[in-house]
Every structure is written in structure tokens, then in C-alpha cells.
Amino acid sequence: MPPLLLRHATVFAGERHWPLLADHMVFADLGRILAVLPEGGAHSLKLPPNALEVDCAGALLTPGLIDCHTHLLFGGARAKEFAMRLAGRPYQEIAAAGGGIASTVRATRAASDEGLLAAAMARLGEMARQGVTTVEVKSGYGLDTEHELRLLRLARELGRRAPQEIVPTFLGAHAVGPEFSGDRAAYLRCVREEMLPAVAREKLATSVDAFCETGAFTAEEVSELFGEARALGLRVRIHAEQFGWHGGAAMAARHGALSADHLEYLKPEEAPLLAASGTVAVLLPGAQLTLALPNPPVAALREAGAAIALATDCNPGTSMTTNLHLMLQLGAALYRLSPEECLAAATANAARALGIRERTGTIAPGQAADLLLWDAATPAEALYRLGAAPVRRVWKGGREITP
Ligand code: NIG
Ligand code: FE
């Protein structure tokens with residue numbers, strides 16, 4: 001792979017307060033960014049003769065996008081439930097009647113490895129076309145030891161096949177496994193005593209997630225799981241305050257969680273807890289709109305200085321989308337985030353939510369050469385067209401992956 005030299009770029013380097021850099025060059029070699037310089041400062045750079053030069057002609061260059069919350073590996077589809085909800089049946093009622101997560105668990109268990117991989121690879125292809133260079137993938141549709149480990153091993157296989165880096169998350173505590181007929185305590189014992197040690201031993205995930213909600217798990221139950229996960233050296237994150245307030249986000253912050261996700265019912269006065277623990281607020285407008293939920297307390301999060309990320313939550317029940325650009329556009333439309341805040345929400349802050357900010361998510365020397373050249377000249381132009389994904393070229397670790 002030859003060294004890469006991007007010239008005449010307008011650089012938004014990933015952090016929301018960093019100034020836009022006009023007419024800059026970015027030099028990368030061996031997968032990493034080595035220099036970010038104004039065009040005028042180019043003489044200080046000794047360029048290897050074989051460098052691949054790209055004239056960006058003033059277009060916007062940002063870090064590659066990071067989708068930091070997805071349930072990408074699943075079987076089946078739930079369009080019927082979509083129609084049922086439109087006819088007035090609430091999500092949690094459908095779930096209690098055996099639909100919801102349980103129906104995707106049945107379809108996922110029944111699907112072949114190659115079938116699951118092919119469907120997930122197609123979704124990753126859609127994401128690559130949008131300049132998404134890193135994707136988090138959760139388990140959580142297996143819900144017994146065999147199938148949860150299987151999903152995490154398939155996530156690892158996706159990492160080998162896809163152009164993107166895959167960051168795997170263990171979500172055994174998504175719902176009670178069907179074999180446990182509603183016995184939460186018995187299921188959680190299995191998650192803690194069987195699944196979690198195997199996940200840690202095989203290094204199948206870097207963090208542990210849980211769904212803290214009516215019909216799923218309480219904050220106390222999740223706290224016990226998080227204590228054991230941390231003792232095994234895993235980071236934690238949580239689905240919290242989505243349908244109502246259950247105290248999951250504050251509890252997760254006490255565990256130093258990487259992120260607390262959804263947060264429609266977070267209390268504004270809890271925002272400083274997330275800021276203080278460095279827990280990223282991952283907002284998921286796709287699920288929010290699909291389920292007709294209210295906006296999370298964005299103003300309080302911003303005022304408290306909590307980092308905000310945006311993600312697709314790609315899953316067959318509540319957010320059937322791979323369109324991260326649309327999520328950023330909705331971050332602006334629904335939450336009134338500035339274009340720079342929206343871009344940071346899928347770059348530097350999304351990297352923070354995955355615990356990988358030290359190596360990707362910004363354009364700076366030492367960071368991975370994960371880069372997105374837009375068909376736009378400014379952050380505002382990049383996010384202005386609702387539903388569009390104005391992408392020109394994409395590099396992952398310095399290698400071009402533009403489809
Ligand atoms: O992030 N909230 C819980 N989990 C998923 C939805 C899961 C499903 O309905 O299949 C979410 O929205
Ligand atoms: Fe989710």
C-alpha cells in the first residue's frame with residue numbers, strides 16, 4: 001500500500017470545537033496519519049516519491065464515520081410488527097406476546113452462519129458506501145450460551161471479511177432467553193457464570209451491554225453484571241431510559257460506562273453524572289422515531305458537557321436502517337445539534353463510546369488513516385440534504401475502500 005497524500009482539503013478533524021482547516025494536506029503511511037499541514041507548510045514534509053496524491057479541490061475531509069451502536073447480526077425481519085405498531089399496538093405489548101426481541105432470536109437461531117454473515121455483509125456494504133469505516137456489532141439475539149458465543153464469533157468473522165473494523169459488544173442481557181421462561185434471576189446467573197467468562201476467555205468482545213427496561217432487566221440486576229464484567233477487564237455500556245426512567249444511566253456512569261444509549265427518559269439533572277464519568281450519551285433517532293418516543297434531554301447533556309454520539313441502532317425491530325448520514329441529519333433536525341456537533345457525534349465521540357478514541361475518530365498524527373472525502377465543502381453542506389449521503393471517497397487504514 002503506497003503512502004497517501006490528500007491535498008487541498010477542507011479538514012474537519014473530529015472534535016466539535018476544533019476549527020475547520022482550510023486548504024490543508026493530510027499525509028498517511030502504513031495505515032496511520034503522519035502529518036496534517038497547511039498547503040503552505042508542505043516544504044517541511046519529505047514526501048516519498050511513490051506517494052499516491054489526491055487533489056481534494058477544497059472538498060470536506062473528515063475522519064471515517066463510526067457507527068457505534070448496531071445489532072447488525074440478525075435473522076428474519078419484523079415488518080408485520082411495524083404494521084401492528086402503526087395500527088396502535090405498543091412495542092412492549094408485542095414483545096410480551098412473544099414478538100419483539102424473542103421473534104428475532106428464533107429467526108437468528110434458525111439461520112445458517114453463512115446466511116447471517118451474508119445479510120450482515122450486505123448491510124456493511126451499504127455502510128461502506130456512506131463512508132462508515134468502523135462498526136460496532138452487538139450480540140443479543142442468541143440468548144443462550146451457544147448462540148451468544150456464536151454471534152460474537154460471527155462478528156469476528158465479519159471483521160475478517162468486511163472493509164470496516166468491527167467492534168464486538170456482548171449483549172447477553174438483552175432479554176431473558178426463551179429456555180428460562182421469564183426467570184430473570186436464573187437467566188442472569190447463566191449470563192454471569194457461563195457466558196461472561198467465556199466471552200472474556202476467548203476475547204470475543206471488548207465491552208458488555210445490557211438492556212435496562214421494563215420487560216428486560218433492572219438497574220440492580222445490570223449493576224451486578226457490570227461489576228463482574230469489570231472484574232474481568234471488560235468495559236460496560238447500557239441501553240437505558242428508552243421507554244421510561246429506570247436509573248440505568250446513572251448506575252452505568254457509576255461503573256465508568258463507555259456509553260449510555262437511547263436516553264429519551266433521562267432526567268436532565270442526571271446529565272452531569274454522564275459528563276463527570278466520561279460516559280458518552282449515544283442518541284438513536286432511528287429508534288426514537290420508529291417508536292414515536294420523545295427527544296432525549298439534549299440541551300441538558302450539552303450544557304453539562306457530556307459527549308454526544310449518534311448511531312443507527314440498526315436492528316429489525318426498532319430501527320431498520322443502515323443510514324448513519326440520516327441519523328446525523330436528524331441530529332440536526334430533531335436535536336438542533338450544529339453540523340460540527342453532528343460530525344463529531346459519528347467520529348471523535350463515537351470512537352469514545354467504543355473506547356477506541358486513542359487510535360481513531362480524528363484526523364491527527366498517530367491516528368488511523370480512516371478518512372472520508374465528502375461531496376461537499378463545509379459541514380453544513382455535508383448534512384444539509386435530508387436522506388442524501390454525499391460521499392466521494394473513503395479510506396480505511398490508508399487503503400481506499402470507496403465501493
Ligand atoms: O436498541 N432496546 C433494545 N434493543 C433494541 C431493539 C431490539 C429489538 O426490538 O429487536 C434497540 O432498540
Ligand atoms: Fe440497541
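Me: Let's start with two histidines: are His69 and His239 buried or exposed?
Reply: His69 is buried, and His239 is buried too. Buried means under 20% relative accessible area, exposed means over 50%, and partly exposed is in between (1.4 Å probe, protein chains only). A quick note on the source: this is a predicted model, where local features need pLDDT of at least 70 and side-chain atom pairs count only at pLDDT 80 or more, while totals for chains, interfaces and linings use all residues. Residues are numbered from 1 along each chain as its sequence is written, chains are lettered from A and ligands numbered from 1 in the order in which they are written, and side-chain values use heavy atoms, with hydrogens and water left out.

Me: Thanks! Which residues are the protein donors of the iron ion (ligand 2)?
Reply: They are His69 (NE2), His71 (NE2), His239 (NE2) and Asp313 (OD), lying 2.0 to 2.4 Å from the iron ion. Donors here are N, O and S atoms within 2.8 Å of the metal (3.2 Å for Na, K and Ca), and water is not among the atoms, so sites may look incomplete.

Me: And how are those donor residues spaced in sequence?
Reply: The spacing is H-x1-H-x167-H-x73-D. His69 sits in the loop between strand S6 (65-67) and helix H1 (79-86), and His239 in strand S10 (residues 235-240), so to speak linking distant parts of the chain, 170 residues apart. Helices (H or I, at least four residues) and strands (E, at least two) are DSSP runs, numbered from the N terminus.

Me: What does the side chain of Asp67 make a polar contact with?
Reply: With the side chain of Thr312, at 2.7 Å. A polar contact is a pair of N or O atoms within 3.5 Å; within protein, one must be able to donate a hydrogen and the other to accept it, and residues adjacent in sequence count only if both atoms are side-chain atoms. Leaving aside residues up to four places away in sequence, Asp67 touches several residues, among them Met127, Val132, Glu136 and Leu324. Contact means heavy atoms within 4.5 Å.

Me: Switching topic: how many salt bridges does the structure hold?
Reply: It holds 28. One of them joins Glu39 and Arg7, with the closest N and O atoms 2.5 Å apart. Glu39 counts as buried because its relative accessibility is 11%, whereas Arg7, at 22%, counts as partly exposed.

Me: Which residues are linked in a network of salt bridges?
Reply: Glu136, Lys138, Asp209, Arg237 and Asp261.

Me: Now helices. How many residues has H12, and how far does it reach?
Reply: Helix H12 (residues 324-335) has 12 residues and reaches 15 Å from its first C-alpha to its last, close to the expected 16 Å. The expected span is 1.5 Å times one less than the number of residues. At the start of H12, a side-chain oxygen of Asn323 comes within 3.2 Å of the backbone nitrogen of His325.

Me: What follows H12?
Reply: Arg336, whose phi is positive, near 60°. Most residues other than glycine have a negative phi. Arg336 lies in the loop between H12 and helix H13 (339-345), and Arg336 is exposed, with a relative accessible area of 61%.

Me: Last one: where does Leu158 lie?
Reply: In helix H5. Leu158 counts as buried because its relative accessibility is 0%, and its contacts include Leu73, Leu117 and Ile166.

Notes:
Salt bridge = Lys/Arg side-chain N within 4 Å of Asp/Glu carboxyl O.
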